[in-house]
Amino acid sequence: GQDGPSRGQDGSGGAHTAGEPDWVTAFVQRKEERDKVDRLKEEQIRRKKREDRLEKIRHNVQLKYAVKRKRCEEDEAKRLLQLSKEALSQGAGEESLDQLDHTEEELILAEYESDDEKKVVSGLEEDDDDLEEEHVTKIYYCSRTHSQLAQFVREVQKSPFGKDTRLVSLGSRQNLCVNEEVRRLGALQLINDRCMEMQKNKHEKKSDEANEGKKKRVSRAVCPFYSYEQMQFLRDEVLVEVKDIEQLVSLGRETKACPYYGSRFAIPAAQLVVLPYQMLLHEPTRNAAGIKLKDQVVIIDEAHNLIDTITCIHSAEVSGSQLCCAHSQLSQYMERYRKRLKAKNLMYIKQILYLLERFVATLGGNVNQNPGCQAVSQTGTVLKSINDFLFQSQIDNINLFKVQRYCEKSLISRKLFGFVERYGGPASAVKTNKENQKLAGLQNFLLTLQQGSDKEGNPPVDAEHNQLRAASPLMQTEGFLSALTNANQDGRVILNRQGTVGQSSLKFLLLNPAVHFAKVVQECRAVIIAGGTMQPMADFREQLLGCAGVDPARVVEFSCGHVIPPENILPIILCSGPSSQQLEFTYQTRDLPQMMDETGRILCNLCNVIPGGVVCFFPSYEYEKQVFGHWEKTGLLSRLAAKKKIFQEPKKANQVEQVLVEYAKCIKRCSQPGGQMTGALLLSVVGGKMSEGINFSDDLGRCVIMVGMPYPNIKSPELQEKMTWLDKTMPRAAGQAPSRALIENLCMKAVNQSIGRAIRHQKDFASILLLDHRYSRPAIFNKLPQWIRERTQVKPAFGAAFAELRKVRTHFMCCY
């Protein structure tokens, strides 16, 4: 009885410890419900305002003209202001002299504090409420190239949903920049750095104008298209009407607004975002673009090479000549501006110089000598873990994360490139005085003698070398430093030591692409990985989704047949040729004269009965060249040329279009009645320029021939390391080692991509010949696409296959 009053007096405290009273629980629940209702009301109001604004823009033509008129007035005002400034500056020789003294101001690095960095989102004004807009539920549609994305956007425009869909197309600055001064830089990294620098100049301009009493600084270039008001207008125009990349760029030029940032501002309100999948798969790029994947839907189309793409994005390579060149340029930059640089900048520059010195030392060289003249004593390829490489290079005491962040924030590669452009031009050494000029001239002369010259006496032009020289070598080093910040178990460093230090290189190879794909899978509501030929699928399940921690129950596979009727395709696995020679194109047997002769006989017979174009794929450029030379000697080539004109796939990408145009013209000419020739024969290479993305539709590809099985080079150090890693980390499937499955899957993915070039639409028809008896093995056969596999015939002898081709030719001719 005595305990009762005590419990009653302290009832509230006892209730809190043992459990809340009912009235408290009910109050909390009601408050949560009210808060939820309030949030929904606020979101509804924001959505209504957004819809009203877009509807107003869609129908109010006067508003568009008002904005355009205001823009013209601003441009006129700026022009008059500039004229008045020029008039006032005439005769002010002293002031002009002062400006000349500060011409190098833009090359000086700004003060940098790594421990107290301000988190400023690039390009966003602080006082804009619209930028806090929440992201609506949307679909991110990704594909490999801009042309594929443009094709998808055109289909959306034609669809019934085109008028009501808010779609925005994203791209790189290289594709979207409308500032000709920046576009002329060419290299993507240079364009990125220049764009960011011009934004920074615009923000610094305000503080410079405030200090009117101080000594006047040289004016820095700002981008005239980076107008926030105009970019808002462009954003609204993008959301009102579906536009592809080309239309977006045209709109940017017309409105004098940056399409790159204007399209980014449209992301939160967009329902469908179209972008290259490199932009979505690279987390820093994704964050910079303002892409938020939380609870969104991602569709990755053309995903057959998704694993390779992720691996390439996060791998990096830098040559010995680039490392030495970067060290030379950066050390001379530091010496020239030592008195103007803050302590933090000097500290980081010295760290970068030390890293460059150690990297060259691991290749067996010295940064103070010409890399082209330093011979490497121990040549060969060595693979090391990241930690072992850091210890061997004696750089394990340096915080690479901070150095990488410094390179990104300080834009040091851009400053250095400007310094070299001003004082050194494209030469590898910066010419700051007469002694350096003589040294650089001597080095160039020695390099010319070493490389040889053409008949006119000019040094040979190496397009790839010129492309690398167009960008600062420090940019390549930054990519390598970024790659070294991966976890030790997820990658390897390859030391490739060749004849000289300049020819040697350091390469980071990513082994586990799932670590960079995991965040995409974890954040999204759904991820759809799609493609025309995705087989074999095991790689996606195990290497990508399994290693990313995806529950197998979440993975759903869907495969459907083709739109063409079964009789419109004739896939044949041919086990032997016309002279009963068994077809097995292994590395040991494919070079035999009888194998090359048998291949030629098969093509001669096929060219007699197959109209239009025939595309023949070889495993490599070297083997295609070898077979072509053998046919020339034996006369088989002239027999082939009597029926079809022969074209060869070029190695250079800029020649592909011309070859395809000539190939198509020849087929069109031969389709006319009365001609002796039946079409054209195109000799291509698996994994080359014509095995992906090219449509050999209709007469361009009435037959696709695959010579042998294009297995990858198993002696490649990168592939061997990948196989070793898979055997250690992946379980055996169906009694097969993961490394063996990788080799077969790489081969069959390449085959499936190549043979899929022929059937491109519902009414298309073609034959497919696989010249190798190994295709009939169940393990290989089951890795063909289902729509091809279920129609494939295995022919042990050539006679039966040829009879089938003659029979189906009659059906094909009726389809014309």
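## Strands, cysteines and cavities

User: How many of the seven residues of strand 7 (residues 491-497) are buried?

Analyst: This is a predicted model, in which local features need pLDDT of at least 70 and side-chain atom pairs count only at pLDDT 80 or more, while totals for chains, interfaces and linings use all residues. Residues are numbered from 1 along each chain as its sequence is written, and side-chain values use heavy atoms, with hydrogens and water left out. Buried means under 20% relative accessible area, exposed over 50%, and partly exposed in between (1.4 Å probe, protein chains only). Strand 7 is largely enclosed by the rest of the structure, because the number of its seven residues that are buried is six.

User: Which residue of strand 8 stands opposite Arg 492?

Analyst: Strands (E, at least two residues) and helices (H or I, at least four) are DSSP runs numbered from the N terminus, and two strands pair if DSSP finds at least two bridges between them. Strand 7 is joined by six bridges to strand 8 (residues 505-510), running antiparallel. On that side, Arg 492 faces Leu 509.

User: What is the bridge partner of Thr 381 in strand 7?

Analyst: Strand 6 (residues 380-385) also pairs with strand 7 in the antiparallel sense, over six bridges. Within strand 7, the partner of Thr 381 is Asn 496.

User: In what order do the five strands of the open sheet run?

Analyst: The pairing in this sheet is parallel. Its edge strands, each pairing on one side only, are strand 2 (167-169) and strand 9 (526-529). From one strand to the next the twist averages 15 degrees, where axes are lines fitted to C-alpha atoms, for helices over the stretch in contact, and angles run from 0 to 180 degrees between N-to-C directions. The order is 2-3-1-4-9.

User: Which residue in strand 4 stands opposite Cys 142?

Analyst: Strand 1 (residues 139-143) and strand 4 (residues 297-300) are paired in the parallel sense over four bridges. Opposite Cys 142 is Ile 300.

User: How many disulfides does the structure hold?

Analyst: A disulfide is a pair of cysteine sulfur atoms within 2.5 Å. For Cys 195, the closest cysteine sulfur is in Cys 258 at 6.0 Å, so that pair is too far apart for a bond. Cys 195 counts as buried at 16% relative accessibility. The disulfide count is zero.

User: What is the volume of the largest cavity?

Analyst: On a 1 Å grid over the protein atoms alone, a cavity is a set of points where a 1.4 Å probe fits but cannot get out, and lining residues have an atom within 4 Å of a point. Grid points are joined across faces, edges and corners, and a volume is the space filled by probe spheres set on the points. The count of cavities of 30 Å³ or more comes to two. The largest has a volume of about 130 Å³.

User: Which helix gives the most to the lining of the largest cavity?

Analyst: Of the 14 lining residues, the closest to the centre are Cys 177, Asn 179, Cys 195, Cys 223 and Cys 258. The lining has 11 nonpolar, two polar and one charged residues; Ala, Val, Leu, Ile, Met, Phe, Trp, Tyr, Cys and Pro count as nonpolar, Asp, Glu, Lys and Arg as charged, and the others, Gly among them, as polar. With four residues, the helix giving the most is helix 9 (residues 188-210).

User: What is the phi of Glu 302?

Analyst: Glu 302 lies in the loop between strand 4 and helix 15 (306-313). At 24% relative accessibility, Glu 302 is partly exposed. Its phi is positive in a residue other than glycine, near 50 degrees.

Terms used: 1 Å grid on protein atoms, 1.4 Å probe; cavity = no way out; pocket = protein on both sides within 12 Å on 5 of 7 lines; lining within 4 Å.
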